[in-house]
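Good morning, everyone. Let's walk through one protein together. Please have a look at the sequence and the model first.

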Amino acid sequence: MPQHGRTHQLRQHCARGLKASIAGDNKYGGTETGHGLLLAAIEYKFAHPITGEPMSFSMEEPARFEALRQQEAEVLEASVSERLKRKLRILAHRLSRLKVGSAWRG
């Protein structure tokens, strides 16, 4: 269980325990994003220590997160598009060979 005050504990726990490094954490196996460590507490909920009343604090996601998400979406779209084009070329080539073979037999 994580303990308060341990240097890099969350980063180590994600990388070693969960095998899922934090994006931008190249020290613990994450990939370099050019946007720094992509980790932010955007929502925090807890019970008030005296009254027990539920407390909640939140903030907007940092703009650099959205910028990276958009960049990743563009890279993924281009990658999928290229893979599909390549598969379609292979399929078209195989179909053309099949047609030639069928015509030759017929």
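Predicted model: local features only at pLDDT ≥ 70, side-chain atom pairs only at ≥ 80, totals over all residues.

A helix here is a run of at least four residues that DSSP assigns as H or I, and helices are numbered from the N terminus.

Now the overall layout. The protein has two helices and two strands. Read from the N terminus, the order is α-β-β-α. The chain of the protein has 106 residues, and 13% of them are buried. The exposed surface comes to about 9,100 Å², with 58% of that supplied by carbon and sulfur atoms. What about contacts along the chain? Take those between residues at least 6 apart in sequence: 20% of them join residues at least 24 apart.

Back to R11. Is R11 buried or exposed? Its relative accessibility is 19%, and the cut-off for buried is under 20%, so R11 counts as buried. Set aside the neighbours within four places in sequence. R11 is then in contact with I22, D25, K27, Y28 and L37.

Pick D25 out of that list. D25 sits in the loop between α1, residues 9-17, and β1, residues 43-47. Is D25 buried or exposed? With a relative accessible area of 1%, D25 is buried. How do the side chains of R11 and D25 meet? They are joined by a polar contact of 2.6 Å. Beyond four places in sequence, D25 touches R11, G30, T31 and L37. Notice L37: R11 contacts it, and D25 touches it too.

On to the strands. β1 pairs with β2, which covers residues 54-58. The two run antiparallel, and five bridges join them. Which residue of β2 stands opposite Y44? That is F57. Together β1 and β2 form a hairpin, with six residues between them. Look in the turn for G52. Its phi is positive, about 80°.

Helix α2 spans residues 63-105, and L98 is in it. L98 also belongs to a nonpolar patch on the surface.

One is the 2.6 Å polar contact between the side chains of R11 and D25. Thank you.

Notes: Residues numbered from 1 in each chain as written. Heavy atoms only, no water. Patch = residues over 30% accessible without salt bridge, like charges linked within 9 Å, V, L, I, M, F, W, Y side chains within 5 Å. Areas by Shrake-Rupley, 256 points an atom, 1.4 Å probe, with all protein chains shown as cover. Salt bridge = Lys/Arg side-chain N within 4 Å of Asp/Glu carboxyl O. Buried < 20%, exposed > 50% of the residue type's maximum accessible area, 1.4 Å probe, protein only. Contact = heavy atoms within 4.5 Å. Polar contact = N/O pair within 3.5 Å; in protein donor to acceptor, adjacent residues only side chain to side chain. Pairing = 2+ DSSP bridges.
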